[in-house]
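Visitor: I would like to learn how the features of a protein model are read. Please take me through one example.

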Amino acid sequence: MDQSSPGYVAAQALVDCGVTALFTLVGGHTTPIVDACPDVGLRLIDVRHEEAAAHMAHGYARATGGTGVLLVTAGPCLTNTVSGVAHAYAGGAPLLVIGGRAPLAQHDRGAIRGHSGSNARIEIAQSLSQNGKILFDRESIIGELAAGVPHDHVRSTDTFAENESLACV
């Protein structure tokens, strides 16, 4: 795999932050990250519903003392994590949620899940976390991952790149 690809950069950034497991429901916007995970040694736990990924990441954080990390694709997939994220937040478990999104160039142009409802999703994420934002470039994403993974609080990040079909990085 191309080590400069956005998916590889995101997966490697997670590993560099000490993440060893990623809970996910694979989706089109996040497939490049998922594809890079075996190359960087990041264990994937694929689930059948986003809420399950959130609860499993929460349980992982509680059991290991590390940060539970989950990766979900765009739109309602992020909001499907709300119950699990709220439960982790209430219990003080460290959780990082990475949510996909349609490429910026396709925003509000009919791309799947590329509508303007993302602001509402960010508001929901902010109400359940210490930080919820949209990130536009690799440096910001890597910086947020490095800052977010060691913390003791839930962090929710909805990210995308301008010229990629990848939502995160």
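**Surface, cores and a helix pair**

Guide: The accessible surface of the protein chain is about 7200 Å², and 50% of it belongs to carbon and sulfur atoms; such areas come from the Shrake-Rupley method with a 1.4 Å probe, and for residues only the protein chains shown count as cover. This is a predicted model, in which local features need pLDDT of at least 70 and side-chain atom pairs count only at pLDDT 80 or more, while totals for chains, interfaces and linings use all residues. Residues are numbered from 1 along each chain as its sequence is written, and side-chain values use heavy atoms, with hydrogens and water left out.

Visitor: How many helices and strands does the secondary structure of the protein chain contain?

Guide: Helices (H or I, at least four residues) and strands (E, at least two) are DSSP runs numbered from the N terminus. Here there are seven helices and six strands, in the sequence pattern α-β-α-β-α-β-α-α-β-α-β-α-β.

Visitor: Which residues touch the most other members of the largest nonpolar core?

Guide: In soluble globular proteins, nonpolar side chains tend to be buried together. A nonpolar core is a set of buried Ala, Val, Leu, Ile, Met, Phe, Trp, Tyr and Cys residues joined through side-chain atoms within 4.5 Å; buried means under 20% relative accessible area, with a 1.4 Å probe and protein chains only. In this chain the largest core has 19 residues, and Phe23, Leu70, Val85, Leu95 and Val97 touch the most other members. H3 gives the most to this core, with four residues. Apart from it lies another core of 16 residues, among them Ala11, Val34, Leu42 and Leu96.

Visitor: At what angle do the axes of H3 and H5 cross?

Guide: Two packed helices are described by the angle between their axes and the distance between the axes. Axes are lines fitted to C-alpha atoms, for helices over the stretch in contact, with angles from 0 to 180 degrees between N-to-C directions. The axes of H3 (residues 50-64) and H5 (residues 82-91) come within 7 Å and cross at roughly 25°. The two helices are therefore roughly parallel, a term for angles under 35 degrees.

Visitor: Is histidine 58 buried or exposed?

Guide: Histidine 58, found in helix H3, counts as buried at 9% relative accessibility. Not counting residues up to four places away in sequence, histidine 58 touches His87, Ala88, Ala93 and Leu95, where contact means heavy atoms within 4.5 Å.

Technical notes: Angles under 35 degrees count as roughly parallel, over 145 as roughly antiparallel, 65 to 115 as roughly perpendicular and the rest as oblique. Buried means under 20% relative accessible area, exposed over 50%, partly exposed in between (1.4 Å probe, protein chains only).
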